Amino acid sequence: MSKLKTLTNGIIKENPVLVLVLGTCPTLAITTSVVNGVGMGIATTFVLLGSNIFISLLKKVIPDKVRIPCYVTIIAGFVTVVSLLLEAYVPALYKSLGIYIPLIVVNCIILGRAEMFANKNSVVDSALDGIGMGIGFTFALLCMGTIREILGSGTFLGFQVLPSAMDPILIMKMAPGGFFTFGLIIAILNKVTHGRALKKRAAAGCAGCPAAAACESAGKGEC
Amino acid sequence: MKFVKEFLVPTLVLTVICVVVSAALVFTYDTTKPVIEAARQREADAARIEVLPDADKFSLLTVSGIDGLVDAYQAANGAGYVITTYSGGYGGPVNVMTGIKADGTIAAVKLMTNSESAGIGTRVGEPAYTDQYKGKDYGLDGVSAVSGATVSSGAFKRAVEAAFQVYAQVADVEIAEPTPPEEQIFPNATDFVEFELEGAKRAYMAAGEGIVVVMEAKGYSGAPTPMEVYVGFGTDFKIAGVALGENSETSGLGPQTGEPAYTDQYKGRENTEGITAVSGATESSKGFKGAVDAALELLPAIQAKMPEVAVAKYAAVLPGVTQVTPLENENAVEAVAAPGLGIVAVTQYRGYNENSPVQVMVGISEDGAITGVKIVSCQETEGIGSQIQGDAYLGAWTGKKAGENAAAISGATVSSTAFQRCVEKAFLVFEASKGA
């Protein structure tokens, strides 16, 4: 796999939110505005990059038995560092992201990449994967945030874009609006890629499913 | 070696990772802590500067004993104070931040955390309401409630009033309470005893002076609440005075009906003929006049009640007293007998203050037990001897008989003793009245 491919992999083909459908909770919750979405994306990218590099560095040292606790410790450490830095230097963003910063710890994208990629690949590849996945996540949040902010508040990045005489569609800022947008973007992506992204997941089959071990119909290909 | 590989290495690796991550966290925490604190401080100061624009930095003040205080800050450059207080509103406490300038007037007020109904009660946070407070002093004259949000408005106003109490304490200034309407009518009366009077919202007997009835009147049609009009009748059954009570009339217009230029017209009259309305506040004036007319219709009931006015001041120490006969006794400044109930004696004795004796009103029932005591005059040392004016001390006297004493206040024995002597003298009056 070329380095470029590793980097771009996360942006469309294996976009963590839109194709892998990981990290849905922050995606739906904080994308009420573009700034929040991008801020969350950048914070997550930083954590993803840091944790991927460290886990890749330590992949030989960390015994298989305790790898998950080790990953969680490292990820949690990075998240806390990010949270402290945000609070110190970008307090406004820290305030609007609120509870979702500590929740980066349990964002499945990060643990997922650590488990699926960083502990099997070189440091450089892992870093590129982290950046790529981070960009993909940020891109997805940007799309969500743009649609929801324009329709829900009539603004983009805080500037009025829709005529102010038009009432904004408040529901777009609430949870249902998040689901509408999420479904819509996934549908568009599948249409544009002619379902390739989706098929790739199906081809991965039950082996790629995190619930494979506990699943009764494992191997039958019907979830 | 299986033990080492299976248990020791994983444990060690995990421990080392945890220690290293913790060290990294400690480092980040220490580096960012001053920045975070400075940012928080700036943010908190920015909120305070919003209500006190001339201020730069603030320092926290310690204030105690005031209900509803959240915190109080003093501006470092002497611009004034920023005081956050709360009062119960419709949905819970309403927190209000008040900026009080050095001259004792409000720079601005701001609605803080609250649980008022969105779009209704929260309108008290809008400039249309909060701007009314700008430049006002503790009297908060002419602040009118938000129509439809009177409970929230009331809570907001009470919170601002509490802020002024804090201000009085921290800035060490006296804040004169606004004169209550009934005292505007009878400035010499000290006791106002409330009683039931059919047709009136409330009624008070001003001991020795007259009767005040509180009427409700519809004022300006846009005002959210009716206006309260206080009408005082002297012992000659003429109008002794009128005053405007609580109201939400249009600021600067309707409340003029509470000013002497208007109210003085009513003094000494038996009817309301020829009263001139306040120009520009005809509806409020009409409502006011109507209330006085309604009060005049209650005159027969008021006349029936008037004999009690003279003895109303005794009711505080001898409940239920309606009729009295004077008693002559050398021990008392003043004494009366209430047939079937007991006696009331006002006695005095020199306390710590050589120039002004302690004067006490004592009520003693027929069977010789104290029904109540009240301080008539006490000029003892503030905070020490003056403690005999406290309710705890006075209340302890109820039920005591001749020769029994309430426990003296420690540190104020001279004043307490003076009080005891007064009570002893009252019992002498009581004995004399029995013998007579």
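Analyst: Before we start, helices here are DSSP runs of H or I with at least four residues, strands are runs of E with at least two, and both are numbered from the N terminus. Please also keep in mind that this is a predicted model.

User: In chain A, where is confidence lowest, and where is it highest?
Analyst: The mean pLDDT of chain A is 82, and 86% of its residues score at least 70. Where pLDDT is low, the predicted coordinates should not be read in detail. In chain A the lowest confidence belongs to helix α9 (residues 196-204), with a mean of 53, and the highest, with a mean of 91, belongs to α7(A).

User: At roughly what angle do the axes of helix α6 and helix α7 of chain A cross?
Analyst: Helix α6 of chain A covers residues 108-118 and helix α7 of chain A covers residues 123-153, and their axes come within 11 Å of each other. The contact is made by I109(A), R113(A), F117(A) and A118(A) on the side of α6(A), and by S126(A), D129(A), G130(A), M133(A) and F137(A) on the side of α7(A). Sorted by class, the residues of this contact are five nonpolar, two polar and two charged. The crossing of α6(A) and α7(A) is right-handed, and the angle between the axes is roughly 145°.

User: How many residues of each class are on the side of chain B that touches chain A?
Analyst: The contact between the chains takes 18 residues from chain A and 16 residues from chain B. On the side of chain B, these residues divide into 13 nonpolar, two polar and one charged.

User: What share of the residues in chain B is buried?
Analyst: Chain B contains nine helices and 15 strands, and its mean pLDDT is 83, with 97% of its residues at 70 or more. Among the contacts in chain B with a separation of 6 or more, 52% are between residues 24 or more positions apart. Of the 436 residues in chain B, the buried share is 38%.

User: How far apart are the end C-alpha atoms of helix α9 of chain B?
Analyst: Helix α9 of chain B runs over residues 413-435, which makes 23 residues, and at 1.5 Å a residue these should span 33 Å. Among its buried residues are F419(B), C422(B), A426(B) and F430(B), and what covers the buried residues of α9(B) includes β11, β12, β13 and β14 of chain B.

User: Which strands do the buried residues of α6(B) pack against?
Analyst: Helix α6 of chain B covers residues 282-297, and its 16 residues reach 22 Å from the first C-alpha to the last, close to the 22 Å expected. Its buried residues include F288(B), A291(B), V292(B) and A295(B). The strands against which the buried residues of α6(B) pack are β8, β9 and β10 of chain B.

User: Is Y393(B) buried or exposed?
Analyst: Y393(B) sits in helix α8 of chain B, which covers residues 391-395. Leaving aside neighbours within four places in sequence, Y393(B) is in contact with Q387(B), I388(B), A406(B) and I409(B). A residue is buried if 20 or more other C-beta atoms lie within 10 Å of its own; because Y393(B) has 20 such atoms, it is buried.

User: What is the phi of F237(B), about?
Analyst: F237(B) lies in the loop between β9 and β10 of chain B, and with 16 C-beta neighbours inside 10 Å it counts as partly exposed. Most residues other than glycine have a negative phi. F237(B) is not a glycine, and yet its phi is positive, at about 65°.

How values were computed:
Residues are numbered from 1 along each chain as its sequence is written. Chains are lettered from A and ligands numbered from 1 in the order in which they are written. This is a predicted model: local features need pLDDT of at least 70, side-chain atom pairs count only at pLDDT 80 or more; totals for chains, interfaces and linings use all residues. Two residues are in contact if their C-beta atoms, placed from the backbone, lie within 7 Å. Ala, Val, Leu, Ile, Met, Phe, Trp, Tyr, Cys and Pro count as nonpolar, Asp, Glu, Lys and Arg as charged, and the others, Gly among them, as polar. pLDDT is the predictor's confidence in each residue, from 0 to 100. A residue is buried if 20 or more other C-beta atoms lie within 10 Å of its own, exposed if 12 or fewer, and partly exposed in between; C-beta atoms are placed from the backbone. Axes are lines fitted to C-alpha atoms, for helices over the stretch in contact, and angles run from 0 to 180 degrees between N-to-C directions. A crossing is left-handed if the near helix is turned anticlockwise from the far one by less than a right angle, and right-handed if clockwise. The expected span of a helix is 1.5 Å times one less than its number of residues.
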